[in-house]
Each structure stands twice: as structure tokens, then as C-alpha cells.
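Subject: Structure handover and notes

Dear colleague,

I am passing on the structure below, together with notes on what was found in it. Please read the notes with the structure open beside them.

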Amino acid sequence: MKAVLVYGIALAIGLGVGWLIGLNGPMWQGLSVTFLCALVAFLINWIVFIPSWLGRTERFYDLTGAATYLSVVVIALSLSSTMTLPGLIIAAMVAIWSLRLGGMLFLRVSRAGEDVRFAQIKTNFIRFFGAWTLQGLWVVLTLACVLVALTHQDELAFNAFFIVGALLWAIGFVCEVVADNQKSQFKANPDNRGKFITTGLWSWSQHPNYFGEILLWTGIAIMTLPILEGWTWIALISPLFVTFLLTKVSGIPMLDDIAKKRWGDDPAYIAYTKNTSKLIPMPPRSQGETA
């Protein structure tokens, strides 16, 4: 019963944010475009949940997340009153990011045969359904600034905010891609079986891919700052949500717990965590420095 309440609250938050940021935006069939986008985000995940539950498989979970991002962006673009170059650039940023990340995660699960995150929940209807509902919420909250930008494109301009935000997005995206590729290559080497990565960007940060993720969504939020007003300021939940999710919920805490179980007694791992920044890439501390 508690789980049902949590997922109901997640649905209410997602639809509520979609409704509030669209109060002064374009409408379609009596509904604000942003609310419609939020509703579609949940519907897509619920529809794919049905065959996934019947097959007891999580294989298409991440791919569905990417498809949801793309679908919501296309709907927002299609139903907005204007289409401008700044708006198309932001839409392209989301498309590039979602296709890259969704494709990578799908291939990773396909090669592994399963996603360990779902080992205990894919046989439980409520919990498995909840995972798909939470993915809908993830899409809505992460895309909040993007939805405002795409439904108010006539107000976007190539100003200092746009340029600085775009640069931050580019740096964050490159950081995330490079970090993921470095880790994939590390794991692909049989000699590294059972080891943890400490090279490349991973020598400067224990979670450089998450730093890139946070930075790129912060960049998009900065790009939209000049057009935020009234209830649309709620859209700034986007970078805050991404940061909270990755640093306090399912990102760093979960991976750190797994790492501690594997290497918690390894002096090399202890030294690595002591001398390497948790998130923001920085030169590693020397062995003689204190944490």
C-alpha cells in the first residue's frame, strides 16, 4: 500500500509540474502543451510496461526512457506556435543526449543479459510498475526547462545565457561520453576483471559521468533563464532533481555501496576513494595529503 501511495505521489508531481509550467503557454484541445507532454511521458512507459511485465524483462527499460525523451520533445515542438533556431538547438541537444545514453544502456543490458537493478523487482507487479512510473517522472522533471523553452521559442535568443549554457552542455556531454567510453574499454579488457577503474577521467573523479550529466542539464537550465517568469520558474527543478537523484538516491550512493562490498577492504580502493574527488573532476591528492 505504501508503494502505491509513493507512485501516486510521483504521478501527481509529474503532472502537476507539467500543468504549472504551462499555465501561460500554448494550449491544445483545452490542455496546456506541457501538461500533455507530461501525460504522454507516463503513458509511453505504462504501455511498454505491459509486454515487459508479461515477459518479466527489463531489457527495454532504458530504451523506452530514450524514446520518451524524444517523443516529448517532438510533441512540444509540433504543438508550439513557433519554431526557432535556438529552440531547435535545444531540441537537438536532448535528442543527441538521449539517443547516445539510451543506446549505450540498451546495449549494455543486452550484453549482460539483465540489469541488476531489476533482479528483485521485475517479478513484483507493483514495484515493477512503479519503476516505469518513476521513469516517466524522471523524464518530466529532467525536461522541465526544455519544455518551457520549446513552448516559448519566440522568446529564446542567442544571448550570453544561451551561449554560456550551450558551452556548459557541450563540456558536460563530452565529459559524460568520454567517461563512459573509458569505463567500457576498461571493462572490455579481460585483464581488468574484478578491478575498478582509476585511469583517465576516473583518476580525477570517482563519478565523472555523473558530473557530466549534472553539468549538461545545468547548461540547458541556464539557456532558458531569461524566459522564465511566474510559474515557469518551477522548471528549475530540472538540474536540482538531476543533482539530487545522482548524488543522493540512485546514482552515487548505489554504486558506492556496490563498490564497498567488492573492494571495501582493498587498500588500493581505500586510497583511491581517499585521494580522488567524489564528483567534480580535480587533480588527485598525493598520498601525503589528508582528505
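Gln 29 sits in the loop between β1 (27-28) and β2 (31-32), where helices (H or I, at least four residues) and strands (E, at least two) are DSSP runs, numbered from the N terminus. This is a predicted model, in which local features need pLDDT of at least 70 and side-chain atom pairs count only at pLDDT 80 or more, while totals for chains, interfaces and linings use all residues. Residues are numbered from 1 along each chain as its sequence is written, and side-chain values use heavy atoms, with hydrogens and water left out.

Most residues other than glycine have a negative phi. Gln 29, although not a glycine, has a positive phi of about 55°, and because its relative accessibility is 68% it counts as exposed (buried means under 20% relative accessible area, exposed over 50%, and partly exposed in between, with a 1.4 Å probe and protein chains only). Arg 56, which lies in the loop between α2 and α3, also has a positive phi, near 50°, in a residue other than glycine, and at 37% relative accessibility Arg 56 counts as partly exposed.

Helices α2 and α3

Two packed helices are described by the angle between their axes and the distance between the axes. Helix α2 (residues 33-54) packs with helix α3 (residues 61-79) at an angle of about 150°, their axes being 9 Å apart; here the axes are lines fitted to C-alpha atoms, for helices over the stretch in contact, and angles run from 0 to 180 degrees between N-to-C directions. The two helices α2 and α3 are therefore roughly antiparallel to each other (angles under 35 degrees count as roughly parallel, over 145 as roughly antiparallel, 65 to 115 as roughly perpendicular and the rest as oblique).

On the α2 side, Val 33, Leu 36, Cys 37, Val 40, Ala 41, Ile 44, Asn 45 and Val 48 meet Thr 64, Thr 68, Ser 71, Val 72, Ile 75, Ala 76 and Leu 79 of α3, contact meaning heavy atoms within 4.5 Å. By class, this contact of α2 with α3 has 11 nonpolar, four polar and no charged residues (Ala, Val, Leu, Ile, Met, Phe, Trp, Tyr, Cys and Pro count as nonpolar, Asp, Glu, Lys and Arg as charged, and the others, Gly among them, as polar).

Asp 62 is also placed in helix α3, and at 11% relative accessibility Asp 62 counts as buried. Leaving aside neighbours within four places in sequence, Asp 62 is in contact with Gly 102, Leu 105, Val 109, Asp 115, Arg 117 and Gln 135.

Thr 84 belongs to the loop between α3 and α4 (85-112), and, neighbours within four places in sequence aside, Thr 84 is in contact with Gln 153 and Asp 154.

Helix α11

In helix α11 (residues 267-275), Tyr 269, Tyr 272 and Asn 275 are buried. These residues cover an arc of only 145° around the axis, which puts them on the same side of α11, the arc being that of the directions from the helix axis to the C-beta atoms. The buried residues of α11 pack against α10 (252-263).

Tyr 272 has a relative accessible area of 11%. Not counting residues up to four places away in sequence, Tyr 272 touches Phe 196, Ile 197, Thr 198, Trp 202, Ser 205 and Gln 206. Tyr 272 and Pro 284 are 12 residues apart in sequence and 8.8 Å apart in space, C-alpha to C-alpha.
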